[in-house]
Amino acid sequence: MATADVLMVQAGLAASTRALYLRIIDRMTRESGNPVAWFASQVRAGRSTGTLMPLRGACKYALMATGVDEFDADRALAKPKGKAVVVRDALSEAQLTRYNAAVERLAEPYRTLLLLLPLTGLRISEACALRALDVMRYQEDWTLRVLGKGGKTRNVPLPQAAKTLLSVFIIRENPSGALFEGARGPVSAQSARAALHSVLTGELSHVVPHQLRHTYATRLTERGGDLRHVQALLGHESINTTARYTHPTAARLRNTAKLLDDK
């Protein structure tokens, strides 16, 4: 009988997702041993839907590893109707300027990695997983080949600021293998978060890397980017997820309301 990890590999789950699910399964086994009952207890605890989703996914694979059919495993688990996910606000232009100034103080490769996030919308895990050969250059067109959730690959065209950033980094660092490699090997998402928190202060002290993904999406839509195109750039399966990541500014809301003013 296939293990949960083998089933996840067969389903095409990313290595980071598999690692998360295996940690959840280990916790579930220690606390209960019954995926259905344990997940139901997590739902009753009033956790957010965003927290419950990976717990449910892990429990589904734990059930399937015992021989339960995927359809029956899905049907056996409670629906993750928890509290609404709290979406952190995107950074304003002024905050983004201060963010960039703070990150400039970091040593490489953290400086380039963290400056790249608001220019590409990559998840921190996706950025850390980039290889040198994932920077695809054809004359003036530069694209990042990104391995996203579920093992799905997408291409993210780079704006000029990102091209300039990477061209200088590649020439200076001459990376081979992993694009962002430190003294002990490829940079991890955990170490990148720690580096970020070491330089952010004041109102930016609670900024997390995922907010830069929100910032990327918001900046694109506020400049007239089509939501479907932003969806493809972010690698979202559902446009509803993309819409949740975009935050219209107060100024834009005021301008929209003024459309009803008499001309």
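In this predicted model, helix α7 (residues 110-120) packs with helix α9 (residues 160-173) at an angle of about 160 degrees, and their axes lie 10 Å apart. Because angles over 145 degrees count as roughly antiparallel, α7 and α9 are roughly antiparallel to each other, and their crossing is left-handed. From α7 the contact is made by Arg 111, Thr 112, Leu 115, Leu 116 and Leu 119, while α9 supplies Ala 161, Ala 162, Leu 165, Leu 166, Phe 169 and Arg 172. By class, the residues of this contact of α7 with α9 divide into 8 nonpolar, 1 polar and 2 charged.

The strands form an open sheet of 3 strands in the order β1-β2-β3, with antiparallel pairing. Strands β1 and β3 are the edge strands, each pairing on one side only, and the twist from one strand to the next averages 25 degrees. Between β1 and β2 the antiparallel pairing extends over 4 bridges, and Val 135 stands opposite Leu 144 in β2.

| β1 | 135-138 |
| β2 | 141-147 |
| β3 | 153-157 |

Elsewhere, Leu 55 has its place in helix α4 (residues 49-64). Leu 55 counts as buried because its relative accessibility is 6%, where buried means under 20%. Leaving aside residues up to four places away in sequence, Leu 55 touches Ile 24, Trp 38, Phe 39, Gln 42 and Arg 47. Thr 215 is 160 residues from Leu 55 along the chain, and the C-alpha atoms of these two residues are separated by 27 Å.

Notes: Residues are numbered from 1 along each chain as its sequence is written. This is a predicted model: local features need pLDDT of at least 70, side-chain atom pairs count only at pLDDT 80 or more; totals for chains, interfaces and linings use all residues. Side-chain values use heavy atoms; hydrogens and water are left out. Axes are lines fitted to C-alpha atoms, for helices over the stretch in contact, and angles run from 0 to 180 degrees between N-to-C directions. Helices (H or I, at least four residues) and strands (E, at least two) are DSSP runs, numbered from the N terminus. Angles under 35 degrees count as roughly parallel, over 145 as roughly antiparallel, 65 to 115 as roughly perpendicular and the rest as oblique. A crossing is left-handed if the near helix is turned anticlockwise from the far one by less than a right angle, and right-handed if clockwise. Contact means heavy atoms within 4.5 Å. Ala, Val, Leu, Ile, Met, Phe, Trp, Tyr, Cys and Pro count as nonpolar, Asp, Glu, Lys and Arg as charged, and the others, Gly among them, as polar. Buried means under 20% relative accessible area, exposed over 50%, partly exposed in between (1.4 Å probe, protein chains only). Two strands pair if DSSP finds at least two bridges between them.
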